[in-house]
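Please show the model first. Questions and answers can follow it.

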Amino acid sequence: MAGKLGRTVFSGLATSLHRTAMPLLRSAFAGRGAILAFHEINTDPSAELLTGCSTAFLDAALVWLRRNRWEFVTLDEGLRRANDPGRRDRFVVITFDDGYRDTHTLALPILERHGAPFTVYVPTAAVTRTLDAWWLGLRELIRRRDTISIEGMGKTLECRDLASKAKALARGVAWFHQDLRRTSHLQPLFRQAGISLQALDARYFLDETELRRLASHPLASIQAHTSNHPALTHLDEISVWQEMSENRAWLENLLQSPVDHFAYPYGHRRAAGQREAAIAAAVGFKSAVTTRSGPVTDSDAATPHLLPRIWVGTDTSIARLDAGVSGVEKIMKRAAVGIGLDANA
C-alpha cells in the first residue's frame with residue numbers, strides 16, 4: 001500500500017510541477033546533464049504486458065527534450081562536458097540495455113529522425129543465446145497461465161486478463177529484484193510450461209550479424225554489459241573481473257572496435273556498489289552506469305564508475321521525464337522515503 005500510495009503521490013506532484021514550477025527547479029537541480037536508460041521499445045506495449053517503452057513515447061520524449069534545449073550527445077561527449085566546469089548547456093545521453101532487436105528495428109528510425117546518438121550495452125549471452133533471461137520467461141509464463149504460484153513468494157499471482165497479467169508481472173519482477181538468487185525458483189515452472197529461454201533469447205535479442213550491422217551505424221555505440229548478466233554483488237572479485245573483461249574482449253573481437261564503457265546488470269544498489277566500481281575502473285572502462293536515478297552532477301562526474309541514469313518505461317510520462325532530467329525526481333524520492341512512502345527510490 002505504501003509503495004502504491006508513494007507512486008501515486010509522486011506522479012501527481014511531478015505532473016503539477018511540470019505545469020508550473022519545473023523550469024525554475026530545473027535551473028537549480030538539473031546538474032550537468034542526464035543519461036536516459038531504455039530497454040525494450042514496442043509498437044504495442046500491451047502485447048508485452050505493459051513493459052518497455054512505446055515508439056510513440058520515445059518520439060515524443062525526444063521532441064520534448066529538444067524543444068526544451070537538451071542537446072543529444074554521445075556518451076564520450078557527455079563525459080567530457082560533465083568534467084568541464086565551463087560548460088553549462090544541458091545534454092542528454094541515450095542508452096539501451098541488453099541488445100534487444102527492437103533497438104535496431106524500432107528505435108533506430110526514430111533516433112535517426114532526431115539525429116540522436118545512442119549507446120547499447122550488450123551482454124555476450126544475449127547474442128550467443130545462452131542468457132538466463134528469466135524476466136522474459138516469467139512474462140511468457142504469465143501470458144500462458146491464469147494463476148501462478150512461485151516457491152517462497154507466499155502468494156498466488158492472478159493473471160486472467162491484461163491488467164492482472166501486467167500487475168502480476170510487475171509484482172513478480174519486483175520480488176525477484178529484492179534477491180536475484182530467487183530466480184532459481186522459476187526453472188521448474190519454465191520446464192513444466194515448455195518455455196525455452198534459448199528460444200526467447202533468439203526472439204528478442206540481436207544476433208551477431210544484426211549487432212555488427214547496428215554497430216556500423218554512425219549514431220550507434222556498442223558497449224559492455226557482462227558476459228552473463230549476473231548481479232555482480234553475488235560474485236567473488238575474480239568472477240566479477242571475468243564477467244567484465246571477457247565480455248569486453250568478446251565484443252571487441254566481434255566488432256573490431258574498442259569497448260570503453262560499461263553498464264551494471266540490474267544496476268541498483270543491491271547489484272552494484274563500490275567494489276564493482278573499483279573493478280570496472282581496474283578493467284579499464286572509462287565509465288560505468290547504474291540504474292540509480294538522477295541527473296549527472298558535479299559529484300557524479302568525479303565518480304564516473306557509478307553514474308546515475310533516468311529510467312524510461314511504460315509508466316513514464318513527459319512530466320515524470322521532466323522531473324527526472326531536471327533533478328526534481330531525486331529530491332522528491334528522498335522526501336517520500338523520509339515520510340515513509342515508497343516511490344521506488
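This is a predicted model: local features need pLDDT of at least 70, side-chain atom pairs count only at pLDDT 80 or more; totals for chains, interfaces and linings use all residues.

Guide: Residues are numbered from 1 along each chain as its sequence is written, and side-chain values use heavy atoms, with hydrogens and water left out.

Visitor: Which residue in β5 is the bridge partner of Ile-35?

Guide: Strands (E, at least two residues) and helices (H or I, at least four) are DSSP runs numbered from the N terminus, and two strands pair if DSSP finds at least two bridges between them. β1 (residues 33-38) pairs with β5 (residues 91-97) in the parallel sense over 6 bridges. The partner of Ile-35 there is Val-93.

Visitor: Is Arg-81 buried or exposed?

Guide: Buried means under 20% relative accessible area, exposed over 50%, and partly exposed in between (1.4 Å probe, protein chains only). With a relative accessible area of 7%, Arg-81 is buried.

Visitor: How many residues apart are Arg-101 and Glu-210?

Guide: Their side chains meet in a salt bridge (a side-chain nitrogen of Lys or Arg within 4 Å of a carboxyl oxygen of Asp or Glu), at 2.9 Å, N to O. Arg-101 lies in helix α5 and Glu-210 in helix α11, which places them 109 residues apart.

Visitor: How many salt bridges does a search of the whole structure find?

Guide: One of them joins Lys-286 and Asp-260, with the closest N and O atoms 3.7 Å apart. The search finds 21.
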